[in-house]
Amino acid sequence: MELTIASGKGGVGKSTVASTLAIELHKRYSNVVAIDADADAPNLHLILGVDKWDREEAFTSTAVAEIDYEKCTSCGVCKDICTFRAIKRIDDRYVVNDMLCEGCRACQFACPEEAIKIKPSESGLIRIAVTKYGFPLISAKLHVGKANSGKLVMREKELAKEIGRGNVLRIVDAAAGIGCQVIASLAGSDLAILVAEPTPASLSDLKRIYALTRHFMIPVVLVINKYDLHLEHAKTIEEFANKEKIEVVGKIPYDERIPMSMAKLKPFIEEYPNSETTKSLLEIVDEIKYIYDNWKSWWLTHKPKEAKPYIPKILKPESP
Amino acid sequence: MKIAFACSGKGGLEDQISDRFGRCSSFTIVEVEEGRVKSVDVIPNPGSQAGSGAGIKAIKAVVNSGAKVIVAGSLGPNAMAAAQELGIKHVSVSGKKVKDVLNEVIAMLK
């Protein structure tokens with residue numbers, strides 16, 4: 001089973017919720033695999049206190065041009081055709097700048113000597129560590145300037161399936177936004193746990209991520225974090241949830257100690273186990289445990305009845 | 001009529017139908033004539049290796065195969081938009097093997 005924590009808006013508390021769920025659900029079910037699906041700005045490993053990785057794997061999804069100097073006649077056509085100005089003449093040679101090359105292959109097509117090859121270029125690293133809580137964490141980080149993609153998240157999920165034994169509970173901490181990497185985080189998930197904070201920006205982003213869950217027919221529950229920061233906005237979010245028939249599984253009070261515990265690289269529930277905030281986090285855990293224990297019947301009553309496609313608008317060229 | 005089943009593994013009638021489309025492992029193309037299976041082919045999905053534009057590449061592979069129907073759990077926004085534009089139908093099936101739903105799908109499409 002796969003649970004994905006997403007929000008649309010960044011900084012609302014996905015990783016706080018995701019880390020809490022991973023730790024507490026693993027205590028109870030012993031089958032968690034956590035996935036940090038935000039390769040641009042991973043931070044789940046920080047909260048979970050991971051400081052070294054057991055396994056690392058290079059991830060390639062882009063390619064760069066490579067000139068074969070045995071065939072190259074230094075004609076310079078490649079430099080002229082490159083839109084990204086990635087090929088320069090240095091001394092008497094034409095050289096591809098790996099950092100600027102986008103792998104578009106225009107130079108490869110244009111080269112009269114067929115001297116250009118395209119080689120896969122490493123975009124980032126996927127790494128795995130067994131956390132001190134006993135469950136594995138799959139994390140990823142992109143190299144500077146490299147593009148994120150759903151392919152990376154898919155590979156993380158593949159690895160989760162490889163290393164998990166038996167009935168694995170995958171907990172996916174999605175990235176912010178609704179881009180390809182978030183879509184891949186949601187695709188194939190059984191339940192989306194959406195997190196919002198009481199601000200108009202968060203509600204706006206929440207509607208977008210919710211539209212995506214409707215597209216994929218994934219049942220949804222909602223957590224309102226920092227809810228007492230602005231009770232009126234929190235109410236607006238609750239009204240949206242009621243209108244869409246989304247169950248609110250928890251409301252977490254605003255607590256300055258949450259960012260503080262993150263800075264200390266500790267999960268909040270461990271640093272401040274007796275706080276009201278931890279109590280509200282553990283209530284959310286109980287709600288998720290209930291859903292997990294009664295999955296079949298919960299799903300039957302909460303699954304979306306029909307998909308509501310969320311598709312891009314297609315611009316057609318005007319007919320002549 | 002050809003039907004493209006999005007598969008999670010190596011493809012074929014015994015394989016699981018994939019929950020996702022754009023990055024599924026392979027497509028099992030089943031040609032049906034007068035309600036009977038005429039041929040079964042497996043093609044790789046170029047979308048599974050794509051850093052970006054996976055859904056579009058997958059649709060392209062389906063179009064090239066001649067299939068007019070896709071059977072998969074769900075299609076992402078881009079793939080869905082392209083399928084609609086090209087008049088390719090989508091039948092949503094989850095958690096089943098190709099052979100288990102083949103007859104139902106054929107009956108549905110009559």
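Tutor: Two strands pair if DSSP finds at least two bridges between them, and strands (E, at least two residues) and helices (H or I, at least four) are DSSP runs numbered from the N terminus. This is a predicted model, in which local features need pLDDT of at least 70 and side-chain atom pairs count only at pLDDT 80 or more, while totals for chains, interfaces and linings use all residues. Residues are numbered from 1 along each chain as its sequence is written, and chains are lettered from A and ligands numbered from 1 in the order in which they are written.

In chain B, five strands make up an open sheet of mixed pairing, and their order across it is E3-E2-E1-E4-E5. Its edges are strand E3 (36-44) and strand E5 (89-92) of chain B, each of which pairs on one side only. From one strand to the next the twist averages 25°, where axes are lines fitted to C-alpha atoms and angles run from 0 to 180 degrees between N-to-C directions.

Turning to the neighbour, 14 residues of chain B are in contact (C-beta atoms, placed from the backbone, within 7 Å) with 20 residues of chain A. On the side of chain B that touches chain A, helix H2 (residues 77-86) of chain B gives the most, namely five residues. That side of chain B is made of five nonpolar, five polar and four charged residues, with Ala, Val, Leu, Ile, Met, Phe, Trp, Tyr, Cys and Pro counted as nonpolar, Asp, Glu, Lys and Arg as charged, and the others, Gly among them, as polar.

In chain A, strand E1 (residues 2-6) runs parallel to strand E8 (residues 169-173) of chain A, to which four bridges join E1(A), and in this pairing A:Ile5 is found opposite A:Asp173 of E8(A). E1(A) is also joined by four bridges to strand E9 (residues 191-196) of chain A, again in the parallel sense, and there A:Leu3 faces A:Leu191 of E9(A) as its opposite residue.

How values were computed
A residue is buried if 20 or more other C-beta atoms lie within 10 Å of its own, exposed if 12 or fewer, and partly exposed in between; C-beta atoms are placed from the backbone. Two residues are in contact if their C-beta atoms, placed from the backbone, lie within 7 Å.
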